[in-house]
Every structure is written in structure tokens, then in C-alpha cells.
Amino acid sequence: MDEGLRRQAREWFERGDHDIETAQLLYEEHGYTDAIAYHIQQAIEKYLKGYLIFKGQKPPWVHELDTLLNLVEKFEADLYPPFIELCEKATRYYIEDRYPPGPPAEYDREEIKADLDLAWQLVRAIRGKAGL
């Protein structure tokens with residue numbers, strides 16, 4: 001494995017760690033659910049892109065997590081079924097709910113907690129598969 005690709009993947013994963021840990025802290029401190037949702041999306045995006053880089057693929061310049069998961073599925077088919085719904089939902093967190101018009105989105109805390117827990121599972125699965 002090319003050490004440069006490993007280094008780049010680790011950099012993406014590190015930034016993803018910042019996002020997933022920020023989402024966790026915001027949840028624990030009863031932060032705004034729209035901000036938690038944003039960091040969930042960002043963590044997943046960075047982990048999926050980092051994994052594609054790890055596999056020698058240039059990730060597309062997109063924020064649609066289902067698109068990225070479809071690309072990762074070519075290497076890790078077992079990641080698709082448990083995480084496709086999360087990826088579709090988290091994409092909406094980023095694209096549809098983040099910008100005006102309208103007030104900031106408010107999500108049910110139990111729903112956000114379930115998504116956060118599933119995002120942690122995805123992050124851990126990708127880390128494990130990359131061995132980084």
C-alpha cells in the first residue's frame with residue numbers, strides 16, 4: 001500500500017474524528033440538533049472520502065453520502081445495507097436543512113442520538129477495514 005495514500009486517508013479520518021467527536025459533545029451538552037446533524041454528515045463524508053483515497057480512488061467533489069457509499073460498496077459491499085438509510089438521511093441534514101429560507105431545523109433528540117450512534121458504527125467499521 002502506498003504510504004502517501006495511507007497518510008492522506010489518515011488526514012481525512014482525523015478531520016472526520018473532529019466532526020464525530022464534536023457531534024457527540026454537542027449531543028451530551030444538549031446542543032442544537034441541527035448543528036449535531038451537520039457534524040454527523042461531515043464525519044461520514046470525510047470517512048467515506050478518506051476510505052476511497054485509501055483504496056487509491058479520487059473521491060468526487062460531492063456531499064451526497066449515498067453517492068459516496070455506492071463507490072465504497074465496490075470495495076466493501078457489507079457496508080451498504082446497514083448504512084444506506086443513514087447516508088441518505090445525513091445528506092438531507094447537510095443539503096436540504098442547513099440553509100434558509102426558514103428557521104433552523106430542529107430534530108428529535110432520540111432520532112439524532114440513533115443517527116449519531118449509527119455514524120459511530122460506520123466510522124469504526126471504516127477505520128477497521130482500513131487498519132488505520
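What you see is a predicted model, in which local features need pLDDT of at least 70 and side-chain atom pairs count only at pLDDT 80 or more, while totals for chains, interfaces and linings use all residues. Residues are numbered from 1 along each chain as its sequence is written, and side-chain values use heavy atoms, with hydrogens and water left out.

**Helix α4**

Begin by selecting residues 80-95, which form helix α4; helices here are DSSP runs (H or I, at least four residues), numbered from the N terminus. α4 has 16 residues and reaches 21 Å from its first C-alpha to its last, close to the 22 Å expected at 1.5 Å a residue, where the expected span is 1.5 Å times one less than the number of residues. Next, colour the buried residues of α4, among them Phe83, Leu86, Cys87 and Tyr93; buried means under 20% relative accessible area, exposed over 50% and partly exposed in between, with a 1.4 Å probe and protein chains only. These buried residues pack against α2 (33-54), α3 (65-73) and α5 (109-130).

**α4 with α5**

To see where they meet, select Pro82, Phe83, Leu86, Cys87, Lys89 and Tyr93 in α4 together with Glu111, Ile112, Asp115, Leu118, Ala119, Gln121 and Leu122 in α5, contact meaning heavy atoms within 4.5 Å.

Now centre on Asp115, which lies in helix α5 and counts as buried because its relative accessibility is 7%. Leaving aside residues up to four places away in sequence, Asp115 touches Ile40, Leu86, Lys89 and Tyr93.

**The loop between α4 and α5**

Select Tyr107, which lies in the loop between α4 and α5 and, at 16% relative accessibility, counts as buried. Show Tyr32 as well, for Tyr107 and Tyr32 are 75 residues apart in sequence and 8.8 Å apart in space, C-alpha to C-alpha.

**α4 with α3**

Return to α4 and display α3, noting that their axes come within 8 Å and cross at roughly 155°. That angle makes α3 roughly antiparallel to α4. On the α3 side, the contact is made by Leu65, Asp66, Leu69, Asn70 and Glu73, while α4 contributes residues including Tyr80, Phe83, Ile84 and Cys87.

Finally, select α2, whose 22 residues reach 31 Å from first C-alpha to last, close to the 32 Å expected at 1.5 Å a residue. α2 is mostly covered, with 20 of its 22 residues buried, and just after α2 you can find Gly56, which takes a positive phi of about 85°. With α3 still displayed, α2 and α3 pack at an angle of about 30°, with their axes 10 Å apart, and they are therefore roughly parallel to each other. The contact is made by α2 residues including Gln41, Ile44 and Leu48, and by Leu65, Leu68, Leu69, Leu71 and Val72 of α3.

Technical notes:
Helix = DSSP H or I, 4+ residues; strand = E, 2+ residues; numbered from the N terminus. Axes fitted to C-alpha atoms, helices over the stretch in contact; angles between N-to-C directions. Parallel < 35°, antiparallel > 145°, perpendicular 65-115°, else oblique.
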